[in-house]
Every structure is written in structure tokens, then in C-alpha cells.
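Take a look at the chain shown here. This short report walks through its strands, its surface and its salt bridges.

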Amino acid sequence: MGIGIIAKLIGEKGIGFIAPCDEGGDVFFHCSAVVGEPFEQLKEGQAVSFELERTIGRRERRRAAKVERCDERLLGRTSAPEPPAPRHPNARRRKPSWRN
């Protein structure tokens with residue numbers, strides 16, 4: 001069983017993606033995999049627990065099953081991570097060290 005954060009929800013299609021805490025790469029999930037509460041009540045940034053399964057077919061992919069909301073304290077933090085600060089449009093980029 002894995003723990004992660006809901007990275008993206010696409011309500012019109014009934015799908016979403018989870019960013020696992022211990023593994024790289026987002027994991028797909030469908031609204032039919034949500035257990036305990038309706039798909040519409042899930043929000044981006046919420047902590048969820050899930051089971052990982054692999055799809056069988058031409059391309060092997062990872063998919064989450066039995067997705068349910070869990071306690072934020074399991075992640076070791078109290079709230080969703082803050083997005084990075086926007087870059088000022090007039091900010092200058094750093095030159096590479098090999099260029100003078």
C-alpha cells in the first residue's frame with residue numbers, strides 16, 4: 001500500500017493522478033477506484049493511500065486501485081506544499097559557468 005498526494009484531478013473525465021511519496025512518477029487512477037467517499041469530494045493536494053497495480057497490454061503502465069483519503073500526518077507534513085514563486089518576467093537568467 002502506497003501513500004501519496006493527489007497531483008491533478010480531471011473531473012470531467014473522472015480521472016486523476018497521484019504523486020507517490022516513495023516512488024518516482026505520477027500514478028493514474030480512475031473514479032471507479034475511489035473507496036469510501038465520492039470522487040467529487042477529492043481535492044488536489046490531499047493525502048491518499050492506494051494500492052498499485054500494473055495494466056496488462058501492449059504498454060505496461062502503473063494504475064492506482066483502492067484509492068482512499070488518509071491522514072496528512074502520515075506524510076510528515078501539515079499542509080499541501082506551496083507552489084514555487086513565479087519568476088519575474090524581467091529577471092535575467094544566469095550565465096553558464098563555462099561562458100564569460
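A residue is called buried under 20% relative accessible area, exposed over 50%, and partly exposed in between. Lys-66 has 49% relative accessibility, so Lys-66 counts as partly exposed. Keep in mind that this is a predicted model.

Lys-66 sits in strand β5, which covers residues 62-69. Its backbone stands out: Lys-66 is not a glycine, yet its phi is positive, at about 50°. Most residues other than glycine have a negative phi.

Now the whole chain. The protein chain has five strands and zero helices. Along the sequence the pattern reads β-β-β-β-β. Of its 100 residues, 29% are buried. The accessible surface comes to about 8000 Å², and carbon and sulfur atoms account for 49% of that surface. Take the contacts between residues at least 6 apart in sequence: 49% of them join residues at least 24 apart.

How many salt bridges does the structure hold? There are two.

| Salt bridge | N to O distance |
|---|---|
| Arg-69 and Glu-37 | 3.8 Å |
| Glu-53 and Arg-63 | 2.9 Å |

Start with Arg-69 and Glu-37, whose side chains form a salt bridge. Arg-69 is in strand β5, while Glu-37 is in the loop between β3 (27-30) and β4 (47-54), so the pair ties together parts 32 residues apart in sequence. Arg-69 is partly exposed at 48%, whereas Glu-37 is buried at 18%.

The other pair is Glu-53 and Arg-63. Glu-53 belongs to strand β4 and Arg-63 to strand β5, ten residues apart. Glu-53 is partly exposed at 31%, and Arg-63 is partly exposed at 32%.

Key: Residues numbered from 1 in each chain as written. Predicted model: local features only at pLDDT ≥ 70, side-chain atom pairs only at ≥ 80, totals over all residues. Heavy atoms only, no water. Helix = DSSP H or I, 4+ residues; strand = E, 2+ residues; numbered from the N terminus. Buried < 20%, exposed > 50% of the residue type's maximum accessible area, 1.4 Å probe, protein only. Contact = heavy atoms within 4.5 Å. Areas by Shrake-Rupley, 256 points an atom, 1.4 Å probe, with all protein chains shown as cover. Salt bridge = Lys/Arg side-chain N within 4 Å of Asp/Glu carboxyl O.
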